[in-house]
Amino acid sequence: MSGEGGGTLTPTGWRVPTLLALLGALLGLLVANTVSGLPLMPWSATPTLLLLALAEGFTAGRTARRVRRAPGTEPMEPLGAARLLALAKASALFASLAAGYFAGTALAVSDRLELPSHREVFLTALGTALAAGLLLAAALYLEHACRVPEDDDEDRNDTPGLA
């Protein structure tokens, strides 16, 4: 099939996550200011995002060692690295949107913190925004870990096809 391939995958820059975080913050402000009463904040989102960040950070460390062929590790399969890269890109986009949304919600209720219900929503939204920020950092680290290093030794005798 002629016409396949040829495209390159570029690293996630700072523009798209920043734009998504700003859009999420605007959406969070809009939702918090237009709904009657307080928006429902799921407290379970904070530990869920923290566990995802921990898992992606751990996977990034292992992936970096495998891609760079550290002693005692198996080489990384190219399809496995591509799947991890897709996970990292999707997580980075979701985490930036979630961080913005929950930060916007926290900002919207920050002027009424004397009320216990508003304080609870504020703390839950702020904690979730911080957890989403950690997930964003872990996703960007995983994306960086999937990069194939520059090959300094042209005469390496490694198995072809493995990253």
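Residues are numbered from 1 along each chain as its sequence is written, and side-chain values use heavy atoms, without hydrogens or water. Because the model is predicted, local features need pLDDT of at least 70 and side-chain atom pairs count only at pLDDT 80 or more, while totals for chains, interfaces and linings use all residues.

Start with helix 1, residues 15-34. Helices here are DSSP runs (H or I, at least four residues), numbered from the N terminus. Helix 1 has 20 residues and reaches 28 Å from its first C-alpha to its last. That is close to the expected 28 Å, the expected span being 1.5 Å times one less than the number of residues. Its buried residues are Pro17, Gly24, Gly28 and Ala32. Buried means under 20% relative accessible area, exposed over 50%, and partly exposed in between (1.4 Å probe, protein chains only). These four cover an arc of only 60° around the axis, so they sit on the same side of helix 1. The arc is taken from the directions from the helix axis to the C-beta atoms. Helix 3 is among what covers them. On the other side, Arg15, Leu19, Leu22, Leu26, Leu30, Asn33 and Thr34 are exposed.

Now the largest nonpolar core, with 21 residues. Such a core is a set of buried Ala, Val, Leu, Ile, Met, Phe, Trp, Tyr and Cys residues joined through side-chain atoms within 4.5 Å. Met41, Leu49, Phe102, Ala125, Ala132 and Leu135 touch the most other members. Helix 2 (45-67), helix 3 (78-109) and helix 4 (116-145) each supply at least two residues. Helix 4 gives the most, 10 residues. Apart from this core lies another, of 11 residues, including Ala81, Leu84, Leu142 and Ala145.

Look next at Ala95, in helix 3. At 0% relative accessibility, Ala95 is buried. Beyond four places in sequence, Ala95 is in contact (heavy atoms within 4.5 Å) with Ala132, Leu135 and Leu136. Ala95 and Leu136 are 41 residues apart in sequence, yet 5.2 Å apart C-alpha to C-alpha.

Finish with the salt bridges, 2 in the whole structure. Each is a side-chain nitrogen of Lys or Arg within 4 Å of a carboxyl oxygen of Asp or Glu. Lys89 pairs with Glu143, closest N and O atoms 3.7 Å apart. Lys89 lies in helix 3 and Glu143 in helix 4, so the pair ties together parts 54 residues apart in sequence. Glu143 is buried, at 7%. Arg112 pairs with Asp111 at 3.5 Å. Here Arg112 is partly exposed, at 28%, and Asp111 is exposed, at 54%.
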